[in-house]
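Open your viewer and get ready to select. This tour goes from the whole chain to single side chains.

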Amino acid sequence: WDFVNDDEDPMDDNGHVTHVAGTIAAEANGIGVIGVAPEAELYALKVLGADGSGYFSWVVEALEWCMLNGIQVTNASLGSSSNPGDFVENAYIAANAAGIINISSAGNEGKRNARGDNVGYPGAYPSVVAVAATDINDNRASFSSTGPDVEIAAPGVNILSTYQDGYGTGSGTSMASPHVAGVAALMIKAGITGPDAIRAALQETAIDLGAPGRDWLYGYGLVDAAAAVGGTT
């Protein structure tokens, strides 16, 4: 559903979400790239306009749609530096209680010295998994937001994925978040269900980076798809 234009045609008129969607589920067609979970079913819920901006009321409507339609994983490669309030947080709490694992980008407000608490919303909510970005060397991307709400990290620099006219690269925690959403889909397929179980497994199997244990840069560490699904093919 297109909550921006209030119609049944949620086509991408920006390009950002096509790149994000490809990371989750681009098909294995022998060209371009393959997504983390290429057989996952994608449902496009448009909450941002062509200019890349929107209202959190649209996000709340999308979450309500997810609860009504049996969605198991949401990915929000979007965010705000300010807390939109209880109305939005309660919607995420309700979605989590309904059995949905909510994944979100941590934000691109990080400082080069990696100091400060600047994770955006909805990632900063306790009911949402905030994903930080790493580069090809498994180091924190200089833009990646930091803080106690960072839960896990994933690749987010020069990520090759789908675009409206083919393939291209993109960088940001928006590119990191769909890696984790894809892994969550694989975990559900492997029989690990429910937000609590999925989060616990993601945390326990993450490859620890940075300071030992959970830290403000990488959370519990780099997502590990093979370990997270418990070795299931």
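Predicted model: local features only at pLDDT ≥ 70, side-chain atom pairs only at ≥ 80, totals over all residues.

**The whole chain**

Residues are numbered from 1 along each chain as its sequence is written, and side-chain values use heavy atoms, leaving out hydrogens and water.

Now zoom out. The C-alpha trace spans about 50 × 45 × 35 Å along its principal axes.

Of the 233 residues, 46% count as buried. Buried means under 20% relative accessible area, exposed means over 50%, and partly exposed lies in between (1.4 Å probe, protein chains only).

How many salt bridges does a search of the whole structure find? It finds two. A salt bridge is a side-chain nitrogen of Lys or Arg within 4 Å of a carboxyl oxygen of Asp or Glu.

Select Lys-46 and Asp-13. Their closest N and O atoms are 2.8 Å apart. Lys-46 sits in the loop between H1 and H2, and Asp-13 in the segment before H1, 33 residues apart. Lys-46 is buried, at 9% relative accessible area. Asp-13 is partly exposed, at 41%.

**Second stop: Arg-199 and Glu-151**

Next, select Arg-199 and Glu-151. Their side chains form a salt bridge, 2.5 Å from N to O. Arg-199 lies in helix H5 (residues 195–205) and Glu-151 in strand E4 (residues 150–155), so the pair ties together parts 48 residues apart in sequence. Arg-199 is buried, at 13% relative accessible area. Glu-151 is buried too, at 5%.

**Last stop: a surface patch**

Select Ile-31, Leu-160 and Tyr-167. They make a nonpolar surface patch of about 290 Å². Patch residues have over 30% relative accessible area and no salt bridge; like charges are joined within 9 Å, nonpolar side chains (Val, Leu, Ile, Met, Phe, Trp, Tyr) within 5 Å. Accessible areas come from the Shrake-Rupley method with a 1.4 Å probe; for residues, only the protein chains shown count as cover.

Finish on Ile-31. Ile-31 is in the loop between helix H1 (16–25) and helix H2 (56–68). Is Ile-31 buried or exposed? Ile-31 is exposed, with a relative accessible area of 52%.

Key:
Helix = DSSP H or I, 4+ residues; strand = E, 2+ residues; numbered from the N terminus.
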